[in-house]
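Here are my notes on this model, kept brief. Please read them with the structure open.

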Amino acid sequence: MTHKKSIFLLFLLAFTCTLPMSACTSGTSSKNSTSSDVAQPVPVSKALFHNPDSIAYYAEKAYRYEDPKGLYVMGVAARLRAAGTLPDSITTVPMDEADIMLLRSAELGYPDAIKAIKCLAEHGCWNHSIPENK
């Protein structure tokens with residue numbers, strides 16, 4: 001396989017795995033989530049994800065306190081960045097670190113992280129373990 005062809009295939013795979021993040025997120029915020037919401041969208045607040053100060057706040061919570069919501073926000077922000085839905089002013093972590101953060105958030109029992117991972121897995125874009133519901 002030529003170098004150009006392998007780069008094109010890698011780009012195509014990356015592009016197809018960023019589209020499900022749009023399907024796995026919704027623009028509304030919902031406080032009610034149950035363990036049966038396997039493929040339901042998770043809430044994505046534009047006020048949170050499009051605000052550099054909010055992202056910095058949750059980054060600090062994630063890194064300093066291993067806060068489940070902070071870990072979730074950082075993981076989803078990176079996936080939204082890959083999908084092209086974040087402004088350029090938003091700084092995110094690399095995708096492999098984002099997946100670790102999303103998985104850790106789910107392990108800590110954060111329901112939106114569990115839902116996001118299950119949705120990504122259903123779309124074939126999650127190549128890690130899938131946490132159990134607590």
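**Notes on a proline and the aromatic pairs**

1. Pro111 sits in helix H6. The model is a predicted one. With a relative accessibility of 38%, Pro111 is partly exposed, because that class runs between 20% and 50%.

2. What separates Pro111 from Pro68, in sequence and in space? Along the sequence, the two are 43 residues apart. From C-alpha to C-alpha, the distance is 9.5 Å.

3. How many aromatic pairs does a search of the whole structure find? The answer is two. Tyr57 and Tyr58 form an edge-to-face pair, because their ring planes meet at 80° and the cut-off for that class is over 60 degrees. Their ring centres are 5.0 Å apart.

4. Tyr58 has 13% relative accessibility, so it counts as buried, the limit being under 20%.

5. Tyr72 pairs with Tyr110. Their ring centres lie 5.2 Å apart, and the planes are at 45°. This pair is classed as tilted.

6. Where in the chain do these two partners lie? Tyr72 belongs to helix H4, residues 68-83. Tyr110 is in the loop between helix H5 (95-107) and helix H6 (111-122).

Methods:
Residues are numbered from 1 along each chain as its sequence is written. This is a predicted model: local features need pLDDT of at least 70, side-chain atom pairs count only at pLDDT 80 or more; totals for chains, interfaces and linings use all residues. Side-chain values use heavy atoms; hydrogens and water are left out. Rings of Phe, Tyr and Trp (its six-membered ring) pair if their centres lie within 6.5 Å; planes under 30 degrees apart count as stacked, over 60 as edge-to-face and the rest as tilted. Buried means under 20% relative accessible area, exposed over 50%, partly exposed in between (1.4 Å probe, protein chains only). Helices (H or I, at least four residues) and strands (E, at least two) are DSSP runs, numbered from the N terminus.
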